[in-house]
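Please consult the sequence and coordinates while reading.

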2 protein chains.
Amino acid sequence: MTQPLKFYFDLLNQSSRALYIFLEASKIPFEAIPISMVKGEHLTGEFRDNVNRFRKLPAITDHGYQLSESAAIFRHLAREKLVPEHWYPRRHLGRSRTDEYLAWQQSNMTVATTDYFQQKWLVPYLQKTRPSESAVNVAGKQVEHTLNDFEQLFLNSRKFILGNNISYADLSAICEVDQTKAIGFGAFKNRNKLADWYKSVAEELGPYYKSVQKEFNAKLKLNNGQQQQGEAQAHALKQ
Amino acid sequence: MTQPLKFYFDLLNQSSRALYIFLEASKIPFEAIPISMVKGEHLTGEFRDNVNRFRKLPAITDHGYQLSESAAIFRHLAREKLVPEHWYPRRHLGRSRTDEYLAWQQSNMTVATTDYFQQKWLVPYLQKTRPSESAVNVAGKQVEHTLNDFEQLFLNSRKFILGNNISYADLSAICEVDQTKAIGFGAFKNRNKLADWYKSVAEELGPYYKSVQKEFNAKLKLNNGQQQQGEAQAHALKQ
C-alpha cells in the first residue's frame, strides 16, 4: 500500500539522517525515497515541480502536501502524527527549549558542519581533487568554535539537553556532530562533556542510529572509492 | 505591577520589531526593556548572566525563564499566552507553512538583510565612516536575490502568505523587507507582487506597525545625525 507520507532524503546530509531516525524510532509509517545530492537529483525540474519547490533535501509530501525545511518537517510530524512525547515535550517548557536549540543550530552549528563537510569531502569528491588544506583549516576552526558554544550553552550535568529524557534537540545535534566526526574531525578532544553526552545519545537511540550511521559511512567510503578511481584515471590520462 | 513577561529588544533589529508588534497587536501584557545594541548593552556580563546567555536580541524572560531566538520566542508566546489564532493557524496546515517560511527566512532573508544593514548603516555608524560602495553593492545583490526568491516561493495571488488572513510569517517578513527599505533599498522595482503584498500587510497591521516604524526611522535618523556630527568633528580635528 502506498503510504500517505513520502520522505525524500540523502543520508550524506545531517538533517536527512536526523529525520530518518526520528521517523523510524517513532514508528511513523512512511515511504523512503532516497535522492542523490551528489548526482544533483534534487536540482531537477521534476523534483521542483512534483516534490519540493525549494529544490532542497530533506523534504516530505504528506497526503500530497509538500513541505521543506527540516525543523518545519519535524514540527509537522510531531503535530500531525502519533509521536512519543519525549521528542518534543510540553512539560517544563521543553518545547521552548527545543525550539531555541533548533533555531540556534540552524544559524550556527549547521553552517559550520556543512562548510567543513563541503571543504573536506564534497568539493574534493565532485571536483576529483584533494581537499584544500587551508579551506579545511578555516572550516575546522569554525567547527571548534561551534562545538565549544554547544557544550557551553546547551550541555550541563544532566544526561540530555532537556534533562533525563532524550529530545529531538539531542537527535538533531548528534547528526550535526557526526557530519564532521565521520570524516575525521576530532570532536571530543578537550570536550569531556560533549563526549559523555554523545555516548548517552548514541546508546539511547540504539539500533535506529546504528543502522543509519552504517549506511552513512558506507556512502562516504563508496564515493571516496569512486573518487580515488577518478583521481587515478585523471592521473593516467595526464601521463 | 511588574509583568511576568519581560521583553528585551532594540527596534533597529528586524526581529525585535516583529515581536514588539506581535506582542502589542495580540494584547499580551509585557514589560518593554529597550537595550541598545550600538552601545553594546547586550554584550555585557550582566545581560548574559541575568537575561540571556546567548547575549543576543530580542530576548524574553517569562516568570524568570530565559528564552532567546526570535522564532522560539514567537512559538513560546503562541503556546503560553492567549494569542489570536490567525497568527499561527492550526487549520489547513497553516502552522507547517508558517514554520517552513520562518526556517527559510532565518537562513536566507535575514542573512541578506542583516548584511545589507550592517554594510550600509551599522559599520559606517560605528566606525564613523562612509559606507563602502563595493560592500553595499555586494550585499544589495544578495537582497535582490532573496527578495526574488521570497516573491517566487511564498507570494501568490492571495492577499497574505497563507491566504486571506495575516499570519506571523507576513509580520516577520515585512520587518525583514523594512530592514533594507528604510535605508534606501528599492525593494519594489520590478516586484509588483511584493509591493501589493507589502501594502496589504502594512494596512492590516495598522497603528501597531506605524508606531514601531516611526520609532525605527527616528532611531536611524538620530544615530545618523550623531554620525554626521562625529564625521564633522573628525574632519575638524584633521584640519
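The model discussed is predicted.

Q: What percentage of the span 91-220 of chain A is helix?
A: The UniProt record, an unreviewed entry, annotates residues 91-220 of chain A as "domain: GST C-terminal". The end C-alpha atoms of this span lie 39 Å apart.

Q: What rotation superposes chain B on chain A?
A: Two copies of a chain are related by a rotation about an axis and a shift along it. Here the shift along the axis is 0.0 Å, and the superposition gives an RMSD of 0.0 Å with a rotation of 180°. The two copies are thus related as by a two-fold rotation axis.

Q: Which residue of chain B comes closest to the rotation axis?
A: The distance is taken from the C-alpha atom to the axis. At 3.4 Å, the residue of chain B that comes closest is B:Ser107.

Q: How much area do chain B and chain A bury between them?
A: The size of an interface is often given as the accessible area lost when the parts come together. The contact takes 25 residues from chain B and 25 residues from chain A. Of the interface residues of chain B, 100% are also interface residues in chain A, so the copies meet through the same surface. With 50% of it on carbon and sulfur atoms, the buried area is about 2600 Å².

Q: How many salt bridges does the rule find across the interface of chain B and chain A?
A: Side chains of opposite charge can pair when their charged atoms come close. Over all chains, the whole structure holds 22 salt bridges. Across the interface of chain B and chain A, the number found is four.

Q: Which element gives the most to the side of chain B that touches chain A?
A: Across the interface there are 16 residue pairs in polar contact. On the side of chain B that touches chain A, S4, H3, H4 and helix H6 (133-154) of chain B each supply at least two residues. With nine residues, the element that gives the most is H4(B).

Q: Is B:Asp99, the salt-bridge partner of A:Arg79, buried or exposed?
A: The side chains of B:Asp99 and A:Arg79 meet at 3.5 Å, N to O. The pair crosses between chains, from helix H4 (residues 94-107) of chain B to helix H3 (residues 70-80) of chain A. A:Arg79 is partly exposed, with a relative accessible area of 31%. Because B:Asp99 has 1% relative accessibility and the cut-off is under 20%, B:Asp99 counts as buried.

Q: How many residues apart are A:Glu144 and A:Arg191?
A: These two residues form a salt bridge, with the closest N and O atoms 2.5 Å apart. A:Glu144 lies in helix H6 (residues 133-154) of chain A, and A:Arg191 in the loop between helix H7 (168-181) and helix H8 (192-238), a separation of 47 residues.

Note on methods:
Residues numbered from 1 in each chain as written. Chains lettered and ligands numbered in written order. Predicted model: local features only at pLDDT ≥ 70, side-chain atom pairs only at ≥ 80, totals over all residues. Heavy atoms only, no water. UniProt positions renumbered as here; feature names shortened; annotations may be inferred. Helix = DSSP H or I, 4+ residues; strand = E, 2+ residues; numbered from the N terminus. Buried < 20%, exposed > 50% of the residue type's maximum accessible area, 1.4 Å probe, protein only. Least-squares fit on C-alpha atoms with pLDDT ≥ 70 in both. Contact = heavy atoms within 4.5 Å. Buried area = accessible area lost by both parts, 1.4 Å probe. Polar contact = N/O pair within 3.5 Å; in protein donor to acceptor, adjacent residues only side chain to side chain.
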